[in-house]
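Biologist: I have not looked at this one before. Can you put it on screen and take me through it?
Modeller: Here it is.

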Amino acid sequence: MSSLVHNIRRTGPSKLLLLPRLLAGGPLVAFSAMHFMNQQHFHDILTAAGAPMVDLTVVAASAAEMAAGVLILTGFFARIGGLLGVATMLPAILTTVKFMGVPEHPFVPPLPLPVAVLLASAVVAWLGAGAFSADRAATAPAMAG
């Protein structure tokens, strides 16, 4: 395994890292599935938020959320999934904050949810996937040697 790939996938044996993986990965997959199934609602959110290239952003953001969630949940290149999770939650948080002062806006989840997903994603990006992950399975023999 190349040094860069090994460093990206390197993770310790901590079983506690399963908690941020579930806290980040589950909602990311769920949000993405909802966005894919109801693209018009997501389109309305992005339009109300003033996002650029809304038609492209609907698909790209949904795909990024799904990729982040799957990578985090499986622990396969989980650090990359964590970075994608952070990248998708930052605009979600900004949009939620922007809508706080607007009386009529499309429904968005309450602010603590995207903040929790962002923080959990950041933990995974920083510390890796830990035990019960594809990254641990791939790098543990190299770490023991």
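Biologist: What follows α4, and what is its phi?
Modeller: G75 follows α4, and the phi of G75 is positive, near 70°. Keep in mind that this is a predicted model.

Biologist: How many residues does α4 have, and how far does α4 reach?
Modeller: α4 has 21 residues and reaches 30 Å from its first C-alpha to its last. That is close to the 30 Å expected at 1.5 Å a residue.

Biologist: Which residues of α4 are buried?
Modeller: The buried ones are V54, V58, S62, A64, E65, A68, G69, L71 and I72.

Biologist: And what covers them?
Modeller: The cover includes α2, α3, α5 and α6.

Biologist: Take α3, then. At what angle do the axes of α3 and α4 cross?
Modeller: Roughly 115°, and the axes come within 9 Å. α3 is residues 39-49, and α3 passes α4 in a right-handed crossing.

Biologist: Which residues meet there?
Modeller: From α3, they are Q39, F42, H43, L46 and T47. From α4, they are V54, D55, T57, V58, A61 and S62. The residues of this contact divide into 5 nonpolar, 5 polar and 1 charged.

Biologist: Changing topic: where does H35 lie?
Modeller: H35 lies in helix α2.

Biologist: Buried or exposed?
Modeller: H35 counts as buried because its relative accessible area is 13%, and the cut-off for buried is under 20%.

Biologist: What does H35 touch, leaving out residues up to four places away in sequence?
Modeller: H35 touches F42, S62 and E65. F42 is among the α3 residues that meet α4, and S62 is among those on the α4 side. S62 and E65 are also among the buried residues of α4.

Biologist: How far apart are H35 and V59?
Modeller: They are 24 residues apart in sequence, and 8.5 Å apart in space, C-alpha to C-alpha.

Biologist: Now the largest nonpolar core. Which residues touch the most other members?
Modeller: L28, I72 and M89 do, in a core of 13 residues.

Biologist: Which helices each supply at least two residues of this core?
Modeller: α2 (18-37), α4 (54-74), α5 (78-99) and α6 (112-127). α6 gives the most, with 4 residues.

Biologist: Back to I72. What does I72 touch, not counting residues up to four places away in sequence?
Modeller: I72 touches R21, A24, G25, L28, A78, G81, G82, S121 and V124. L28 is another of the core residues that touch the most other members.

Key:
Residues are numbered from 1 along each chain as its sequence is written. This is a predicted model: local features need pLDDT of at least 70, side-chain atom pairs count only at pLDDT 80 or more; totals for chains, interfaces and linings use all residues. Side-chain values use heavy atoms; hydrogens and water are left out. A nonpolar core is a set of buried Ala, Val, Leu, Ile, Met, Phe, Trp, Tyr and Cys residues joined through side-chain atoms within 4.5 Å. Buried means under 20% relative accessible area, exposed over 50%, partly exposed in between (1.4 Å probe, protein chains only). Contact means heavy atoms within 4.5 Å. Axes are lines fitted to C-alpha atoms, for helices over the stretch in contact, and angles run from 0 to 180 degrees between N-to-C directions. A crossing is left-handed if the near helix is turned anticlockwise from the far one by less than a right angle, and right-handed if clockwise. Ala, Val, Leu, Ile, Met, Phe, Trp, Tyr, Cys and Pro count as nonpolar, Asp, Glu, Lys and Arg as charged, and the others, Gly among them, as polar. The expected span of a helix is 1.5 Å times one less than its number of residues.
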